[in-house]
Amino acid sequence: MSEPLSIPADVVKRLRDETGAGMMDCKRALVETGGDLERARDLLRTRGQASAKKRAGRQASEGLVDAYIHGEGRIGVMVEVNSETDFVARTDEFRRLARELAMQIAATDPRWISRDDVPADVIEGERKIYEEQARATGKPDNVISRIVDGKLETFFKEFVLLDQPYIRDDSKKVNDLVTEFASKVGENVVVRRFVRFRLGEEGT
(Lines give C-alpha, C1' and ligand atoms only; values in the text may rest on other atoms or scores of the structure.)
Protein backbone atom coordinates (compact mmCIF):
# COMPACT_ATOMS: atom_id res chain seq x y z
CA MET A 1 0.00 0.00 0.00
CA SER A 2 1.48 3.36 -1.04
CA GLU A 3 2.23 6.06 1.49
CA PRO A 4 -0.18 9.05 1.48
CA LEU A 5 1.21 12.08 -0.34
CA SER A 6 2.87 14.56 2.02
CA ILE A 7 1.93 18.17 1.27
CA PRO A 8 4.18 20.93 2.71
CA ALA A 9 2.35 23.25 5.10
CA ASP A 10 3.42 26.36 3.18
CA VAL A 11 1.79 25.01 0.00
CA VAL A 12 -1.46 24.32 1.87
CA LYS A 13 -1.34 27.84 3.34
CA ARG A 14 -0.71 29.38 -0.07
CA LEU A 15 -3.72 27.57 -1.54
CA ARG A 16 -5.85 28.66 1.41
CA ASP A 17 -4.77 32.29 0.98
CA GLU A 18 -5.58 32.17 -2.74
CA THR A 19 -8.98 30.50 -2.44
CA GLY A 20 -10.29 31.24 1.06
CA ALA A 21 -11.11 27.53 1.50
CA GLY A 22 -10.52 25.69 4.78
CA MET A 23 -7.13 24.16 5.57
CA MET A 24 -8.41 20.57 5.43
CA ASP A 25 -10.24 21.22 2.15
CA CYS A 26 -7.03 22.65 0.68
CA LYS A 27 -4.98 19.69 1.87
CA ARG A 28 -7.47 17.18 0.45
CA ALA A 29 -7.53 19.00 -2.89
CA LEU A 30 -3.72 18.97 -3.07
CA VAL A 31 -3.57 15.27 -2.21
CA GLU A 32 -6.22 14.46 -4.84
CA THR A 33 -4.32 16.41 -7.51
CA GLY A 34 -0.89 15.04 -6.63
CA GLY A 35 0.30 18.33 -5.16
CA ASP A 36 -0.49 20.33 -8.32
CA LEU A 37 -1.37 23.80 -7.00
CA GLU A 38 -3.15 24.99 -10.14
CA ARG A 39 -5.29 21.84 -10.46
CA ALA A 40 -6.08 21.96 -6.73
CA ARG A 41 -7.20 25.58 -7.12
CA ASP A 42 -9.49 24.63 -10.01
CA LEU A 43 -10.88 21.69 -8.01
CA LEU A 44 -11.72 23.92 -5.05
CA ARG A 45 -13.38 26.46 -7.33
CA THR A 46 -15.49 23.74 -8.93
CA ARG A 47 -16.54 22.41 -5.53
CA GLY A 48 -17.21 25.92 -4.29
CA GLN A 49 -19.45 26.65 -7.27
CA ALA A 50 -21.31 23.36 -6.75
CA SER A 51 -21.87 24.20 -3.09
CA ALA A 52 -22.96 27.71 -4.04
CA LYS A 53 -25.63 26.26 -6.35
CA LYS A 54 -27.01 24.24 -3.42
CA ARG A 55 -27.08 27.39 -1.28
CA ALA A 56 -28.62 29.55 -4.01
CA GLY A 57 -32.17 28.67 -3.01
CA ARG A 58 -31.67 29.91 0.55
CA GLN A 59 -32.87 33.42 1.31
CA ALA A 60 -30.24 36.13 1.58
CA SER A 61 -31.92 39.13 3.20
CA GLU A 62 -29.13 40.55 5.38
CA GLY A 63 -26.12 42.43 4.06
CA LEU A 64 -25.01 45.97 3.41
CA VAL A 65 -24.79 48.78 0.88
CA ASP A 66 -21.27 49.94 0.10
CA ALA A 67 -20.48 53.31 -1.47
CA TYR A 68 -17.24 53.94 -3.33
CA ILE A 69 -15.98 57.20 -4.82
CA HIS A 70 -13.26 57.12 -7.48
CA GLY A 71 -11.21 59.63 -9.45
CA GLU A 72 -11.48 62.59 -7.06
CA GLY A 73 -15.25 62.43 -7.10
CA ARG A 74 -15.75 61.84 -10.82
CA ILE A 75 -17.20 58.32 -10.45
CA GLY A 76 -19.43 57.02 -7.67
CA VAL A 77 -20.80 53.51 -7.07
CA MET A 78 -23.33 52.06 -4.65
CA VAL A 79 -23.73 48.29 -4.47
CA GLU A 80 -25.99 46.13 -2.30
CA VAL A 81 -24.60 42.72 -1.33
CA ASN A 82 -26.72 40.26 0.66
CA SER A 83 -25.95 37.34 2.96
CA GLU A 84 -28.16 34.99 4.93
CA THR A 85 -27.17 36.26 8.38
CA ASP A 86 -26.28 39.55 9.98
CA PHE A 87 -23.32 37.78 11.60
CA VAL A 88 -21.62 37.34 8.21
CA ALA A 89 -22.71 40.77 6.96
CA ARG A 90 -20.93 42.47 9.89
CA THR A 91 -17.56 40.84 9.24
CA ASP A 92 -14.61 42.73 7.79
CA GLU A 93 -14.29 40.08 5.07
CA PHE A 94 -17.85 40.74 3.89
CA ARG A 95 -17.21 44.49 3.83
CA ARG A 96 -14.06 43.90 1.82
CA LEU A 97 -16.01 41.79 -0.67
CA ALA A 98 -18.58 44.57 -1.09
CA ARG A 99 -15.79 47.12 -1.56
CA GLU A 100 -14.05 44.95 -4.16
CA LEU A 101 -17.33 44.67 -6.07
CA ALA A 102 -17.86 48.44 -5.90
CA MET A 103 -14.34 49.04 -7.21
CA GLN A 104 -14.93 46.51 -10.00
CA ILE A 105 -18.09 48.35 -11.04
CA ALA A 106 -16.33 51.72 -10.94
CA ALA A 107 -13.51 50.42 -13.14
CA THR A 108 -15.47 48.39 -15.70
CA ASP A 109 -18.96 49.97 -15.91
CA PRO A 110 -21.06 46.78 -16.27
CA ARG A 111 -24.70 47.04 -17.34
CA TRP A 112 -26.13 43.97 -15.62
CA ILE A 113 -25.31 41.73 -12.65
CA SER A 114 -25.88 38.32 -14.28
CA ARG A 115 -26.72 36.91 -17.70
CA ASP A 116 -30.26 36.33 -16.49
CA ASP A 117 -30.65 40.10 -16.19
CA VAL A 118 -29.80 40.79 -19.83
CA PRO A 119 -33.07 41.38 -21.76
CA ALA A 120 -33.79 38.78 -24.43
CA ASP A 121 -34.21 41.47 -27.09
CA VAL A 122 -30.72 42.81 -26.32
CA ILE A 123 -29.18 39.36 -26.75
CA GLU A 124 -31.14 38.78 -29.95
CA GLY A 125 -30.08 42.17 -31.30
CA GLU A 126 -26.41 41.44 -30.60
CA ARG A 127 -26.74 37.98 -32.15
CA LYS A 128 -28.17 39.44 -35.38
CA ILE A 129 -25.36 41.98 -35.64
CA TYR A 130 -22.71 39.29 -35.16
CA GLU A 131 -24.40 36.99 -37.69
CA GLU A 132 -24.48 39.74 -40.32
CA GLN A 133 -20.83 40.55 -39.69
CA ALA A 134 -19.84 36.87 -39.94
CA ARG A 135 -21.89 36.25 -43.10
CA ALA A 136 -20.20 39.21 -44.77
CA THR A 137 -16.93 37.28 -44.53
CA GLY A 138 -18.38 34.38 -46.55
CA LYS A 139 -17.87 31.79 -43.81
CA PRO A 140 -20.01 28.59 -43.79
CA ASP A 141 -22.97 28.35 -41.39
CA ASN A 142 -21.27 26.03 -38.89
CA VAL A 143 -18.36 28.45 -38.58
CA ILE A 144 -20.70 31.44 -38.35
CA SER A 145 -22.47 29.80 -35.40
CA ARG A 146 -19.19 29.43 -33.50
CA ILE A 147 -18.17 33.00 -34.31
CA VAL A 148 -21.51 34.34 -33.03
CA ASP A 149 -21.29 32.30 -29.82
CA GLY A 150 -17.75 33.53 -29.24
CA LYS A 151 -18.73 37.17 -29.74
CA LEU A 152 -21.69 36.78 -27.37
CA GLU A 153 -19.32 35.41 -24.73
CA THR A 154 -17.13 38.48 -25.22
CA PHE A 155 -20.22 40.68 -24.87
CA PHE A 156 -21.15 39.02 -21.57
CA LYS A 157 -17.59 39.34 -20.26
CA GLU A 158 -17.64 43.05 -20.99
CA PHE A 159 -21.08 44.04 -19.74
CA VAL A 160 -22.20 41.41 -17.18
CA LEU A 161 -20.62 41.97 -13.75
CA LEU A 162 -20.39 38.32 -12.65
CA ASP A 163 -18.89 37.30 -16.01
CA GLN A 164 -16.23 40.01 -16.01
CA PRO A 165 -12.58 39.18 -15.31
CA TYR A 166 -11.77 40.26 -11.75
CA ILE A 167 -9.70 43.47 -11.92
CA ARG A 168 -7.12 42.22 -9.40
CA ASP A 169 -6.73 38.76 -10.95
CA ASP A 170 -7.99 38.26 -14.49
CA SER A 171 -7.52 34.49 -14.21
CA LYS A 172 -10.81 34.44 -12.29
CA LYS A 173 -14.24 35.94 -12.90
CA VAL A 174 -16.11 38.17 -10.48
CA ASN A 175 -18.49 35.25 -9.95
CA ASP A 176 -15.53 33.18 -8.70
CA LEU A 177 -14.80 35.90 -6.15
CA VAL A 178 -18.38 35.74 -4.84
CA THR A 179 -18.69 31.93 -4.84
CA GLU A 180 -15.32 31.47 -3.13
CA PHE A 181 -16.43 33.81 -0.35
CA ALA A 182 -19.82 32.08 -0.11
CA SER A 183 -18.06 28.72 0.16
CA LYS A 184 -15.79 30.05 2.89
CA VAL A 185 -18.65 31.35 5.07
CA GLY A 186 -21.15 28.61 4.13
CA GLU A 187 -23.90 31.05 3.19
CA ASN A 188 -25.71 32.20 0.09
CA VAL A 189 -24.17 35.53 -0.98
CA VAL A 190 -25.95 37.63 -3.59
CA VAL A 191 -25.06 40.82 -5.46
CA ARG A 192 -28.53 42.37 -5.34
CA ARG A 193 -28.20 45.65 -7.24
CA PHE A 194 -25.86 48.50 -8.06
CA VAL A 195 -25.83 51.99 -9.47
CA ARG A 196 -22.88 53.81 -11.04
CA PHE A 197 -22.64 57.58 -11.49
CA ARG A 198 -20.18 59.49 -13.64
CA LEU A 199 -19.80 63.24 -13.30
CA GLY A 200 -21.66 65.05 -16.09
CA GLU A 201 -23.30 61.88 -17.39
CA GLU A 202 -27.07 61.99 -17.80
CA GLY A 203 -29.16 59.29 -16.13
CA THR A 204 -31.12 56.76 -18.18
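The model is a predicted one, in which local features need pLDDT of at least 70 and side-chain atom pairs count only at pLDDT 80 or more, whereas totals for chains, interfaces and linings use all residues. Residues are numbered from 1 along each chain as its sequence is written, and side-chain values use heavy atoms, with hydrogens and water left out.

The chain holds eight helices and five strands, where helices (H or I, at least four residues) and strands (E, at least two) are DSSP runs numbered from the N terminus. Read from that end, the order of the elements is α-α-α-β-β-α-α-α-α-β-β-α-β. Of the 204 residues, 37% count as buried, a term that stands for under 20% relative accessible area, with exposed meaning over 50% and partly exposed in between (1.4 Å probe, protein chains only). The chain exposes about 12600 Å², of which carbon and sulfur atoms supply 49%; such areas come from the Shrake-Rupley method with a 1.4 Å probe, and for residues only the protein chains shown count as cover. Among contacts (heavy atoms within 4.5 Å) between residues at least 6 apart in sequence, 60% join residues at least 24 apart.

Three strands make up an open sheet in the order 1-2-5, with antiparallel pairing; two strands are taken to pair if DSSP finds at least two bridges between them. Strand 1 (62-70) and strand 5 (190-198) stand at the edges with a single partner strand each, so one side of each is left without a neighbour in the sheet. Neighbouring strands of this sheet are turned by 10 degrees against each other on average, direction ignored, the axes being lines fitted to C-alpha atoms, for helices over the stretch in contact, and angles running from 0 to 180 degrees between N-to-C directions. Strand 2 (residues 75-83) is joined to strand 5 by eight bridges, and Glu80 stands opposite Arg193 in strand 5. Helix 5 (residues 92-108) packs on this sheet and touches strand 1, strand 2 and strand 5, its direction making about 45 degrees with that of strand 1.

Leaving aside residues up to four places away in sequence, Asp66 touches Val77, Met78, Val79, Ala98, Arg99 and Ala102. Asp66 and Val77 are eleven residues apart in sequence and 8.0 Å apart in space, C-alpha to C-alpha.

The aromatic side chains come next. Rings of Phe, Tyr and Trp (its six-membered ring) pair if their centres lie within 6.5 Å, and planes under 30 degrees apart count as stacked, over 60 as edge-to-face and the rest as tilted. The count by this rule comes to four aromatic pairs. One of them, between Phe94 and Phe181, is tilted, with 5.9 Å centre to centre and 55 degrees between the planes. Phe94 lies in helix 5 and Phe181 in helix 8 (residues 174-185), so the pair ties together parts that are 87 residues apart in sequence. Phe94 is buried at 0% relative accessibility, and Phe181 is buried with a relative accessible area of 10%.

The rings of Trp112 and Phe155 have centres 6.1 Å apart and planes at 50 degrees, so this pair is tilted. Trp112 lies in the loop between helix 5 and helix 6 (120-135), and Phe155 in helix 7 (residues 141-159), 43 residues apart. Trp112, Phe155, Phe156 and Phe159 form one aromatic cluster.
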